[in-house]
Number of protein chains: 2
Amino acid sequence: MQTDWLDVIRWDASGLCPVIAQDWQNGSILMQAFINREALELAVRENRAIYWSRSRKNIWRKGEASGHVQILHAVYLDCDGDSVIYKVEQLGGIACHTGRASCYFQKLEDGKWQTSSEVLKEPREIYTAVAKD
Amino acid sequence: MQTDWLDVIRWDASGLCPVIAQDWQNGSILMQAFINREALELAVRENRAIYWSRSRKNIWRKGEASGHVQILHAVYLDCDGDSVIYKVEQLGGIACHTGRASCYFQKLEDGKWQTSSEVLKEPREIYTAVAKD
């Protein structure tokens, strides 16, 4: 597989690039994480969202623990080559480890962060393994 | 103005946090940039998208040079407190310095980045000043 396209990306000093997971149909932003070369190449090859976990320092196949796999439908790069979008189909309809559809459930209102969306499934029902994803 | 809400954000070692500008109506992702405490506080106060320019090392009021101001309609924070969304109304319908609606116009197709959206206005017609934004 030709990988010239990976060289177009302006990886940062740590070899990472931020990536936004966006619902491929309704445009909702589900989460933001990071990729390295390997994660992005694997994601395209396996047609699923794969990230680099900065905390665990390893390749992170979204949904491994939860079953909430993100099927990868398209990849976009921005004008500066330093930000990527994964257009994904969120299996189970839950992207967040809190059991919500999206990780962005805190909305600023009157100088406070207010919870703006509901838990669809309790985390203890989602995770059978130790690691969250 | 109370600023406890700014302390909830997990600013990185450089005092920055990534922020995604998303069209408040159609959900399109327009750009991704960074904020520091000052940029976010000013954005909320002035009801417009304000960023921290890492290259110029200063506060960046989107639209200063181009007129393509982003009116700020809402601010969201993710579960981990380290990623923000600005829900914006993009004046002029152009967020990208290339004259496109969104910065994400490169789509991966068959191992190559293909231009997937058109230039709405030539940059030379947009910018009268030296700095792009």
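Analyst: In chain B, helix α2 spans residues 37-46, and B:Ala39, B:Leu40 and B:Ala43 are buried within this helix. Viewed down the axis of α2(B), the buried residues fall within an arc of 95°, so they line one face of the helix. The cover over these buried residues includes α1 (4-7), β2, β3 (50-53), β4 (58-61) and β5 of chain B. The model is a predicted one, and local features are given only where pLDDT is at least 70.

Just after α2(B) comes B:Asn47, which takes a positive phi of about 55°. Most residues other than glycine have a negative phi. B:Lys57, which is not a glycine, likewise has a positive phi, of about 55°. B:Lys57 sits in the loop between β3 and β4 of chain B; those two strands are also among the elements that cover the buried residues of α2(B). B:Lys57 itself is exposed, because 8 other C-beta atoms lie within 10 Å, and the cut-off for exposed is 12 or fewer.

A positive phi is also found in chain A, at A:Asp110, where the value is near 50° and the residue is other than glycine. A:Asp110 belongs to the loop between β7 and β8 (112-115) of chain A. With 7 C-beta neighbours inside 10 Å, A:Asp110 counts as exposed.

A:Gln90 lies in strand β6 (residues 84-90) of chain A. A:Gln90 counts as buried because it has 24 C-beta neighbours inside 10 Å, where the cut-off is 20 or more. Apart from neighbours within four places in sequence, A:Gln90 is in contact with A:Asp23, A:Leu30, A:His68, A:Gln70 and A:Ala95. Between A:Gln90 and A:Ala33 there are 15 Å in space, C-alpha to C-alpha, and the two are 57 residues apart in sequence.

On the side of chain B that touches chain A, 34 residues are in contact with 34 residues of chain A. Elements giving two or more residues to this side are β1 (17-23), β2 (29-35), β5 (70-77), β7 (106-109) and β8 (112-115) of chain B. The largest share, four residues, comes from β5(B). By class, this side of chain B has 20 nonpolar, 11 polar and three charged residues.

The relation between the copies remains. Chain B is superposed on chain A by a rotation of 180° with 0.0 Å of shift along its axis, at an RMSD of 0.0 Å. That is the relation of a two-fold axis. Among the residues of chain B, B:Gly27 comes closest to the rotation axis, its C-alpha lying at 2.5 Å. The copies meet through the same surface, because 100% of the interface residues of chain B are also interface residues in chain A.

Methods:
Residues numbered from 1 in each chain as written. Chains lettered and ligands numbered in written order. Predicted model: local features only at pLDDT ≥ 70, side-chain atom pairs only at ≥ 80, totals over all residues. Contact = placed C-beta atoms within 7 Å. Nonpolar A, V, L, I, M, F, W, Y, C, P; charged D, E, K, R; others polar. Least-squares fit on C-alpha atoms with pLDDT ≥ 70 in both. Arc of directions from axis to C-beta.
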